Amino acid sequence: MRNLTNKIFLPALLLTCSGPLLAQYTFFTPKEAFAIEVSLPNSAEKRLPMYRNAITSLHVQGDLVLGGTTAKAGLSPYLFVASISKKSLLTTKDLQEVIPGQKGIATGFFKGTGNQLYAGTLAQVNNNQQPGHLLQINVGNEGTIEAKDLGVPVAGESIFTLLSNKQGTELFGISYPTGRFFTYNIATKKTQVFDEVAPKEKDLKDYHDFAVGPEVYLCKALIQDNAGIVYGSMAGNRMFAFDPAKKSFSFLENPLPAVWGREVLGQVEAWAKAPDGKLYGGNAGDGQLFVLDPTTKKIKNLGKPMMMPRLQALVFGRDGILYGLAGGALGYSHLFYYDEKGAGFVDLGNPEFTMVAPGIEQGIMWRGFQLSTLAASADGKYMVMGENEALSQLMIFPVGQ
Amino acid sequence: MNFHFTNPLCVATCWLAGLLLTTSNQAAHAQKSAISEKNVAFIEYPDFPEAHSTWGSIGYNAASNTVHIGVTNHRDNIGLFTYDPSQNAMKLNGFIRDMANLRSYQWQGKIHSKIVSAPDGSIYFTTDGGESREEYLMEHPQGYAGGFFMKWDSKTGLKNLGIGMQFESIKDIDIDPKTGMLYAITYPQAHFLVYNTEKNQLRDLGRLASSHVPRILFTDWWGNCYYVDWRQRLVKYEKDSDSLVFARESLPAFPGTPGSKIITGVTAFAKDEAKGVIYLITYGAKLIAFYPEKDGIGKVKDLGGVIETGHADAWGPYVPNLNIGKNGKLYYIIGGHDNYVVKDKTVLVEYDPASGKKTILQEYPITAVTEATGCDVRDKDGNIYFAARRNPKSEGDFTTPFMIKFNPEKEISK
């Protein structure tokens, strides 16, 4: 498979782009790539309204893309479903109808049993402070969205990070803003909260000195290895491992890769598990890609795809290649891939895809600047990217065999 | 140093302008033009030998009856000029990097924005990287820090009002003359900014455009500001509601207009407040009358193409300028960026809103007038102005900037 990828797909990918990669004013534009207009104010078409559409969670289920958004202060986010084959938005659901007082769905979506998906919410910050909730979502074949409030796992806290176990029976999460780890049994609805990975007083002083908040230092992504151990980051640029069977924590000897003096910025914000079971992670602090070998618990720094901090998303395609989104504001996100046995890091820069919709039938080019989410279809054929803008769209490109 | 029309260079310039007009008259279209070389003057920028170009960087200051122009070497040096019509004098006020105390890592490539004025006689503009390194080098030592808001007046000089967005150029600016609120659009991410200079409160209202950034903002007489989204729909910053209002429908476009033209939207505007209309030209070569309303989006009327193009695509012509005479007629120069409706010539067109008639008044070889910008720049005597440049050898990008002064109703006193 890897040879096929290296010999056929990657050259084909290069040829199908509009011009040479890495050149100024040329963009990553594979032939069959396209954008779906999901956000547009004052439209006769079904669209998400302004400032409530930053796409911060994505999941692909067959032909359907489920999105969860984050809204500006005082506004409520949405769930939405788009069709890849129809290249259009099918359904939207205002989260205010299910859980009032929420600001965002930024955990991603995680599979339970059957077709159930789970996510956590971030509450709006205001005088009438509400907590975040667990959310159970079911997407029907026609794109219908059913969302059910599962309640508040950590009293007074929002949900910053979430993960489901391999069996789809248990959820693991990080609360916001204190950063406590919790487990949630889907069948019994029982929650357990642990303080072991939450930042301590000395950590909080360091964060205050560096003028960074919980968005910067709390673990943004969790992953479970093939043995069932859950991994995440914590204060001091360290990594923890949680054993769900023993309900116990251990702490890895290796720190996250860091730039000297900037360890305070260590935060895992993306994970992807390779077919061989190795865990690939992205450190937001300086945008390093690293690999964690779950058998040895060793971390290897693989380097950076670009100059900027952030590494917001990582996904393996059906070609076996690891795709990711590096960078972000104050610059732009860059789509990249990492081919361990081939070219290593390849920066694809800003993607620019054609967007066709009623009223713009001739097609317009859409350039992705602030891409923040990336998901692969179950068959690995499509990569779906979501923007984090005032008016955010979906950008989709096919991946070779 | 002032530049007076009594010097030899001025005489040569006027002679050249006259020669071009005479020549172009002979080759012009069938319509008879009432104007002659005496209606036009080409005015040079003194004391800046490396000057390369002007962009949208021209504006009229009613308080002092002066025209202000930003002229650039299109790399890292920008001269700020003032033209005084009463004295026929063009003066270099100074260079932006010196007046604004910019360091080398804060280099600016040009003023791309128009120059807008406040009732107190101060002017405002924004700066732009102008080079592709602005977009790609970022945190590199040769990278671009970001475009600045700037204020200048003849008494106190230049005041640096700070950066809009880190790494982003600022393509255009406009002002609410009643409150002094500034509006701006950034490049390449097309973020719409609202800046209260008194409170130093800068707000980013987010990305509004697609892959290509529409270059023009404009305001109505209430101080609301307009832009376009990627569907070429008007987007209004409505000051009373402090919110963005999107038009339901797109501005008129010719059938078959490519998406690349649609996403670039409006290229020029001119206001006729007495008649309650703002004229617009789109990148798809439509001339449009827009009737703004204080609340909500107003009506739009399609006035047809900017010129009859025969067998050529109606959406093809490029018009980055628009002025309105005291006679209520519109004047614009078609051509630029290697896009000309008459081979290797730019053309000056008059449009009479009363009759709907469009007339080519003059044609200029692109070695004489390669391209011109300028929106709504008219002094109290009815002279209108374009910021132009010429490429004398018609090779590469070796242009020199100059200003066109034009009066459609009377001769220009030299």
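The following paragraphs describe a predicted model, from its overall confidence to individual residues. Residues are numbered from 1 along each chain as its sequence is written, and chains are lettered from A, with ligands numbered from 1, in the order in which they are written. Because the model is predicted, local features need pLDDT of at least 70 and side-chain atom pairs count only at pLDDT 80 or more, whereas totals for chains, interfaces and linings use all residues.

Where pLDDT is low, the predicted coordinates should not be read in detail.

Chain A contains three helices and 32 strands; helices (H or I, at least four residues) and strands (E, at least two) are DSSP runs numbered from the N terminus. Its radius of gyration, taken over C-alpha atoms, is 20 Å, close to the 21 Å that the globule rule gives for 401 residues, so chain A is as compact as a globular protein of that length. The rule is 2.2 Å times the number of residues to the power 0.38. Of the 401 residues in chain A, 51% are buried, that is, 20 or more other C-beta atoms lie within 10 Å of their own; a residue is exposed at 12 or fewer and partly exposed in between, with C-beta atoms placed from the backbone.

Helix 2 of chain A (residues 201-209) has nine residues, of which zero are buried, so this helix lies largely in the open. Just after helix 2, Ala211(A) takes a positive phi of about 55 degrees.

Tyr332(A) sits in the loop between strand 25 (322-327) and strand 26 (333-339) of chain A. This residue is buried, with 23 other C-beta atoms within 10 Å. Beyond its neighbours within four places in sequence, Tyr332(A) contacts Gly327(A), Asn350(A), Phe369(A) and Gln370(A).

Between the chains, the contact takes 20 residues from chain A and 22 from chain B. On the side of chain B that touches chain A, strand 14 (201-207), strand 18 (243-250) and helix 4 (259-262) of chain B each give two or more residues. Strand 18 of chain B supplies the largest share, four residues.

Methods. Two residues are in contact if their C-beta atoms, placed from the backbone, lie within 7 Å.
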